[in-house]
Amino acid sequence: MQVDLVTVAVAVETPQHTGLGAPLDYASTAPGLPPGTLVRVPLGRREVPGIVWERPPGDAPPELKPVREVLASLPPLGDSWRQLVGFAAAYYQRGLGELALAVLPPELRKLDDVQLTRRIARLHRAEAPPAAAPGDPLHGPALNDEQRAAVEAIGAAPGTYLLHGVTGSGKTEVYLHAAEAALAAGRQVLVMVPEINLTPQLEARFAERFAGRRLVSLHSGLTPAQRLRHWMLAHLGAADLVLGTRLAVFASLPRLGLIVADEEHDPSFKQQEGARYSARDLAVYRGHVEGVPVVLGSATPSLETWQRVLEGRYRRLALPQRIGGGVLPRVRLFDMNTLPRQRGSAGPALAPPLVQAIAERIERGEQSLLFLNRRGYAPVLHCTACGWKSGCPHCSAWRVFHKGDRSLRCHHCGFTERVPRACPDCGNLDIAPLGRGTERLEEQIAELLPGARVARIDADTTRTKGSLEAQLGAVHAGDVDVLVGTQMIAKGHDFRRITLVAAVNPDSALFASDFRAPERLFSLLMQAAGRAGRDAEQAARSEMWVQTWHPRHTLYAALRRHDYEAFAAGQLEERLAAGLPPFASLALLRAEAREAAVAQAFLRAAAERVQAQAESMGVTIYPPVPPPVARVADVDRMQMLVESPTRGALQRLLAGWLPQMHTLRAQHKGVLRWAVDVDPLAI
Ligand code: ADP
Ligand code: ZN
Ligand code: ZN
């Protein structure tokens with residue numbers, strides 16, 4: 001009997017940086033396998049999952065291996081999903097199959113068709129009729145004029161919208177109404193947040209408001225089984241709302257009608273390893289491809305987004321006031337230069353007037369929130385006799401002193417030792433902490449305010465599952481007077497009793513080498529300010545304190561007036577003058593080796609390959625330099641900045657260049673890893 005074989009292209013996960021990015025050809029007996037179908041195919045000696053892709057015209061090689069299995073029970077991944085993945089792979093310079101399979105739930109890749117059929121049947125059985133009929137009128141507050149105008153604009157036309165308003169200005173209410181309109185039209189809604197465990201209230205609000213709808217979450221905290229189930233519900237069209245972190249931008253949503261990215265400026269939207277994609281930027285692309293509105297919400301939009309608003313490419317929808325008459329707290333810049341100097345110490349943790357202000361809050365039964373962006377007790381220990389410091393033997397970094405377990409811990413490689421009793425170099429017993437982290441701040445506040453109930457929230461106190469929730473619960477219940485923490489506590493939470501927020505030591509960001517540091521500081525401080533004074537009565541006595549040695553800095557001047565636009569204008573002017581984003585496109589090539597010289601030689605050789613071409617395109621390739629922390633876990637790192645006046649030129653250069661890197665690497669034996677980061681957050 002004659003069996004007709006057809007050629008199909010299949011995207012498979014080929015090993016990283018082999019240069020095999022494109023789909024591979026296979027033979028199939030199943031006629032007309034539609035693109036997007038999940039299959040299993042042989043690759044080398046293994047059998048691997050793959051996705052049928054459009055096949056470019058051309059002859060197939062004569063000897064084709066057959067597709068082993070077609071996972072026919074799963075509907076094919078849609079055209080727009082494949083377009084999104086194809087775009088992301090090309091833009092962020094990854095293999096198509098590598099990216100396509102990496103963004104599927106890991107469990108899905110393990111299943112055969114029989115198992116898959118069973119899972120799908122189980123999903124269908126588990127579906128309860130909805131508790132309330134869909135299309136229920138929204139039982140939230142009546143919208144104000146600005147909110148209504150925003151909801152109407154979003155519903156009227158696809159496009160990218162900046163929903164611009166401070167914490168408490170009613171943005172979430174706009175998301176809910178826009179979502180309701182999309183759902184009523186039979187569409188699915190994707191809502192993305194930077195970190196899901198920091199925004200439990202948002203999820204709770206959506207769940208409560210859309211009780212009659214099926215809402216699923218997608219983030220890395222789910223078990224593999226949960227993630228598969230939620231992904232399948234979205235893909236099968238059974239879930240109406242998907243609430244997730246950056247990886248949710250790749251959810252398969254056949255009826256997508258609206259995308260929301262809350263706190264769009266947040267760096268968490270950028271994936272920092274593997275395919276280094278920006279979920280915010282991909283959301284905008286996805287909205288464009290699918291012809292659906294994309295709502296970017298923020299009080300302090302990223303300068304990329306803001307520039308597009310100024311250019312008229314995104315439309316700004318402003319929510320200028322806090323709901324309920326709450327105003328942003330008065331910002332008080334405390335000039336630390338006015339304090340008497342204490343020789344040889346880090347100085348007082350808190351200025352006396354700030355301590356006084358906190359004490360008044362405690363008296364009134366109100367809460368204060370203090371943040372300091374450094375965890376541990378002190379960033380470094382030192383010997384007062386010989387000058388020894390607690391460096392990490394494996395990294396170019398100090399080891400942080402954690403007093404709780406008396407350890408010295410490297411935050412880069414994890415190397416941990418008990419604190420030595422005496423200086424390892426000279427035997428001196430007087431080794432002392434330098435500087436201050438949250439652990440020390442907590443201790444000092446307890447000393448300054450005896451009897452105050454002080455709690456600390458940072459990565460160290462929230463390691464175990466459920467501990468963050470428990471600690472937040474204590475704050476909400478009023479069991480805490482002073483909450484100390486890292487930027488974790490400055491974001492998202494809706495604390496009702498806080499009337500004082502203080503940034504203990506924010507100055508370092510003013511002079512950081514990272515060009516985005518001021519932007520991040522401004523947004524963090526604005527967000528922190530938003531924690532206080534959410535109702536009119538409280539707002540009147542709410543304050544934000546900033547302890548600074550540079551009280552006249554323009555960033556603080558803008559913060560004092562809550563003036564994002566002035567701050568953004570100043571920053572954009574600097575970026576334009578310096579040729580930085582959003583006025584230029586950047587990529588960073590990184591290389592790692594046991595010795596910096598090896599990584600450097602590799603990057604130099606890479607640059608030579610395309611130097612002439614880059615120059616003709618107006619693209620600048622800067623010499624390789626070490627990053628701020630150059631050595632981590634006994635590996636040296638080097639990076640090379642590529643700067644282009646346009647995205648297009650950068651893309652053309654990288655597309656031709658990176659495949660050559662594979663051969664180059666073979667010639668530079670000591671190179672352990674290399675990677676490209678398109679639109680890097682920090683350079
Ligand atoms: P944001 O997302 O900007 O922080 P929210 O949407 O959470 O703001 O609104 C802040 C608070 O005000 C919430 O408790 C919300 O329920 C309430 N709220 C929002 N819009 C209105 C409105 N139009 N009328 C009354 N209350 C509102
Ligand atoms: Zn010593
Ligand atoms: Zn280390």
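Trainee: Cys413 is partly exposed, with 19 other C-beta atoms within 10 Å. How is Cys395 classed, buried or exposed?

Mentor: This is a predicted model, in which local features need pLDDT of at least 70, side-chain atom pairs count only at pLDDT 80 or more, and totals for chains, interfaces and linings use all residues. Residues are numbered from 1 along each chain as its sequence is written, with chains lettered from A and ligands numbered from 1 in the order in which they are written. Cys395 has 21 C-beta neighbours inside 10 Å and therefore counts as buried (buried: 20 or more other C-beta atoms within 10 Å; exposed: 12 or fewer; partly exposed: in between; C-beta atoms placed from the backbone).

Trainee: Where do Cys395 and Cys413 lie?

Mentor: Cys395 is in the loop between β15 (380–383) and β16 (400–402), and Cys413 in the loop between β17 (407–409) and β18 (416–418). Strands (E, at least two residues) and helices (H or I, at least four) are DSSP runs numbered from the N terminus.

Trainee: With which residues is Cys395 in contact?

Mentor: Beyond four places in sequence, its contacts (C-beta atoms, placed from the backbone, within 7 Å) include Cys410, Cys413 and Arg631.

Trainee: What does UniProt place at Cys392, Cys395, Cys410 and Cys413?

Mentor: An unreviewed UniProt entry places the feature "binding site" there; such annotations may be inferred rather than shown by experiment. The four residues span 22 residues in sequence, yet no two of their C-alpha atoms are more than 8.7 Å apart, so they gather at one spot.

Terms used. Two residues are in contact if their C-beta atoms, placed from the backbone, lie within 7 Å.
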